[in-house]
Amino acid sequence: MMKPRHILSAGQFDRAFLDYMYELINTIRRFDKTKDGLMYLQSLLPHRRAMLYFTQPSTRTFMSFQAACTILGMKASEIRDSSTSSERKGESIEDSLRTFASYVDLIVMRSPVAGLSDRIASLLDETPRPVPIINAGSGPDEHPTQALLDIYTLQRSFQSSSGIEGKTICMVGDLKRGRTIRSLSRLLTNYKDVKLLFASPTEYKIADDLRSFLLSRKVTFEETTNFRDAIAASDAIYMTRVQDEYDVAGESKKVDTSSYRLKYENLASLKKDCTIMHPLPRRDELDPAVDKDPRAKYWRQERNGMWTRVALITILMGVDNHIVLPTL
Ligand code: CP
């Protein structure tokens, strides 16, 4: 298994990596159970520094990376608004990020610009001080760490029913501009006999590049406008919100999404062991009344994000081989 230098795209991961990551996260979580375990995790990276460069809004990705750094003893600095950096004085984003690389050992970046983290990773790889880059969301393009935590959550949910292979997974909402959809769909192609159901209004059908990718990987998938039938047939439902931050002229207001909302009354039609997920934040597509149902896994999914990010940082910083439980 090749360990990644950067985390840029879901397409870079294979099944061996996903299985390794699953075991690594489970082991890390066992260290969380005792004070000694947590102190051990904190001893792994106190000599390393991270920069969290988030110029697009975020709550959970930002906070979970910040928490992950703290868990590993790593110091984290942040920029959350480019108007407070020298970009305001006309510095290019490339020069800004190269400057961060002079001071830190890891850069986690979220940006509205598709492909920016790939560009920065290539640029830094040419410099005397290349540092790992983590793409924490790049425009409507990719959100690979979200997809990795989604895979972890699915694997946990299906651990007593032979894993992700052979499952039907339904994705709902703005599938055209949802970066979590693109990244998770790509990762799911690593599992045999997975069927993907894409339920959305016609305006929000999956983008052509994702459709071509799934066809090239011979993945079974179906695009539908029938939300009710799709959710009833699924082992997991992945709800998403409308991504209207990418509107050019308020076009989202013209799309009727009212029949793509998961409400309390839909729960009776779902499979008994169905897993309900959402990358969050949510709006009206996911009724808070659903939270009480034991099949709702999105709050666990959110916390899994922190442990997934701890695991990814240990891999990039080369200390994942120190995550070994002592034998008693
Ligand atoms: N899921 C996710 O990326 O959430 P935030 O935008 O709050 O980071």
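1. A salt bridge is taken here as a side-chain nitrogen of Lys or Arg within 4 Å of a carboxyl oxygen of Asp or Glu. Asp-209 and Arg-182 form such a pair, with their closest N and O atoms 3.0 Å apart. Because Asp-209 belongs to helix H8 (residues 208–216) and Arg-182 to helix H7 (residues 179–188), the bridge ties together parts that are 27 residues apart in sequence. Helices are DSSP runs (H or I, at least four residues), numbered from the N terminus. Across the whole structure, the search finds 23 salt bridges.

2. The model is predicted: local features need pLDDT of at least 70, side-chain atom pairs count only at pLDDT 80 or more, and totals for chains, interfaces and linings use all residues. Residues are numbered from 1 along each chain as its sequence is written, and side-chain values use heavy atoms, with hydrogens and water left out.

3. The ligand is surrounded by Ser-58, Thr-59, Arg-60, Thr-61, Arg-110, His-143, Gln-146, Pro-279 and Leu-280 (a residue is near a molecule if one of its heavy atoms lies within 4 Å of it). This shell comprises two nonpolar, five polar and two charged residues.

4. Polar contacts are pairs of N or O atoms within 3.5 Å. A side-chain N or O atom of His-143 is 2.9 Å from an oxygen atom of the ligand. A ligand nitrogen atom lies 3.0 Å from a polar side-chain atom of Gln-146, and a polar backbone atom of Leu-280 is 2.9 Å from a nitrogen atom of the ligand. The protein covers 91% of the 260 Å² of accessible area that the ligand has on its own (Shrake-Rupley method, 1.4 Å probe).

Technical notes: A polar contact is a pair of N or O atoms within 3.5 Å; within protein, one must be able to donate a hydrogen and the other to accept it, and residues adjacent in sequence count only if both atoms are side-chain atoms. Ala, Val, Leu, Ile, Met, Phe, Trp, Tyr, Cys and Pro count as nonpolar, Asp, Glu, Lys and Arg as charged, and the others, Gly among them, as polar. Helices (H or I, at least four residues) and strands (E, at least two) are DSSP runs, numbered from the N terminus.
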